[in-house]
Amino acid sequence: MFRRILLPADGSEHSIRAAEKAIAIAKESDDSCVTVLYVVDGSTSKADVLKNWDALGIASQRKQKLSAIENHAKNENINFEVKIVRGEPGPAIVKYANEKQFDLIVIGSRGLNALQEMVLGSVSHKVAKRANCPVMIVK
């Protein structure tokens with residue numbers, strides 16, 4: 001039923017739980033594909049630059065955040081791809097999902113941004129309100 005699954009992820013515990021659910025759903029169909037979407041916003045980009053001196057270090061750090069998800073997908077023999085986009089997380093995820101016409105978005109209820117956890121209008125809430133496809137929010 002859900003062949004094209006979008007998994008916005010930031011490496012947080014909630015995104016890893018969302019990945020487990022997305023992979024379980026993807027296993028139901030042989031031709032499904034999970035797209036792991038990592039959004040780089042201004043604060044993420046600034047933190048990455050301050051912690052690393054070169055582009056290779058930044059790319060490596062971003063890949064490391066998603067390594068648990070990638071390993072789990074590989075172990076379950078799931079078709080997946082990793083995409084990195086720039087922008088504010090909520091709108092960037094919605095734009096990507098709507099443009100690429102995904103069948104389902106599986107997103108963690110909270111991410112790494114502590115401020116967004118406390119403020120009404122979190123990323124998962126914005127995505128659920130504006131996406132054109134079903135959205136599963138995983139606690």
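1. Just after H4, Asn-77 adopts a positive phi of about 55 degrees; helices (H or I, at least four residues) and strands (E, at least two) are DSSP runs, numbered from the N terminus. Asn-77 is a residue other than glycine, and its place is the loop between H4 and strand E3 (79-86). With a relative accessibility of 68%, Asn-77 counts as exposed, where exposed means over 50% relative accessible area, buried under 20%, and partly exposed in between (1.4 Å probe, protein chains only).

2. On the basis of the model: the structure is predicted, so that local features need pLDDT of at least 70 and side-chain atom pairs count only at pLDDT 80 or more, while totals for chains, interfaces and linings use all residues. Residues are numbered from 1 along each chain as its sequence is written, and side-chain values use heavy atoms, with hydrogens and water left out.

3. Gln-101 belongs to the loop between H5 and strand E4 (104-108). Its relative accessibility of 61% places Gln-101 in the exposed class.

4. As to the overall arrangement, the protein has seven helices and five strands. Read from the N terminus, the order of elements is β-α-β-α-α-α-β-α-β-α-α-β. Of the 139 residues, 41% are buried. Among contacts with a separation of 6 or more, 76% are between residues 24 or more positions apart; a contact means heavy atoms within 4.5 Å.

5. Helix H4 (residues 67-75) has Ile-69, Glu-70 and Ala-73 as its buried residues. Seen down the axis of H4, these residues fall within an arc of 100 degrees, and therefore line one face of the helix; the arc is taken from the directions from the helix axis to the C-beta atoms. In general, an α-helix has 3.6 residues a turn, so residues three or four places apart point the same way.

6. Helix H5 (residues 89-100) packs against helix H7 (residues 123-130) at an angle of about 35 degrees, with the axes 8 Å apart. The axes are lines fitted to C-alpha atoms, for helices over the stretch in contact, and angles run from 0 to 180 degrees between N-to-C directions. The crossing of H5 and H7 is right-handed, that is, the near helix is turned clockwise from the far one by less than a right angle. From H5, the residues Pro-89, Gly-90, Ile-93, Val-94 and Asn-98 meet Val-123, Lys-126, Val-127 and Arg-130 of H7. By class, this contact comprises five nonpolar, two polar and two charged residues.

7. His-125 is also located in H7 and is partly exposed, at a relative accessible area of 35%. Between His-125 and Ser-109 the C-alpha to C-alpha distance is 8.2 Å, at a sequence separation of 16 residues.

8. Arg-17 is part of helix H1 (residues 13-26) and is partly exposed, at 32% relative accessibility. Not counting residues up to four places away in sequence, Arg-17 touches Val-138 and Lys-139. Arg-17 and Lys-139 are 122 residues apart in sequence, yet 7.6 Å apart in space, C-alpha to C-alpha. The Arg-17 side chain also makes a polar contact of 3.1 Å with the side chain of His-14.

9. Ser-29, in the loop between H1 and strand E2 (33-40), is buried, with 16% relative accessible area. Its side chain is joined to that of Asp-31 by a polar contact of 2.6 Å. A polar contact is a pair of N or O atoms within 3.5 Å; within protein, one must be able to donate a hydrogen and the other to accept it, and residues adjacent in sequence count only if both atoms are side-chain atoms.

Conventions
Ala, Val, Leu, Ile, Met, Phe, Trp, Tyr, Cys and Pro count as nonpolar, Asp, Glu, Lys and Arg as charged, and the others, Gly among them, as polar.
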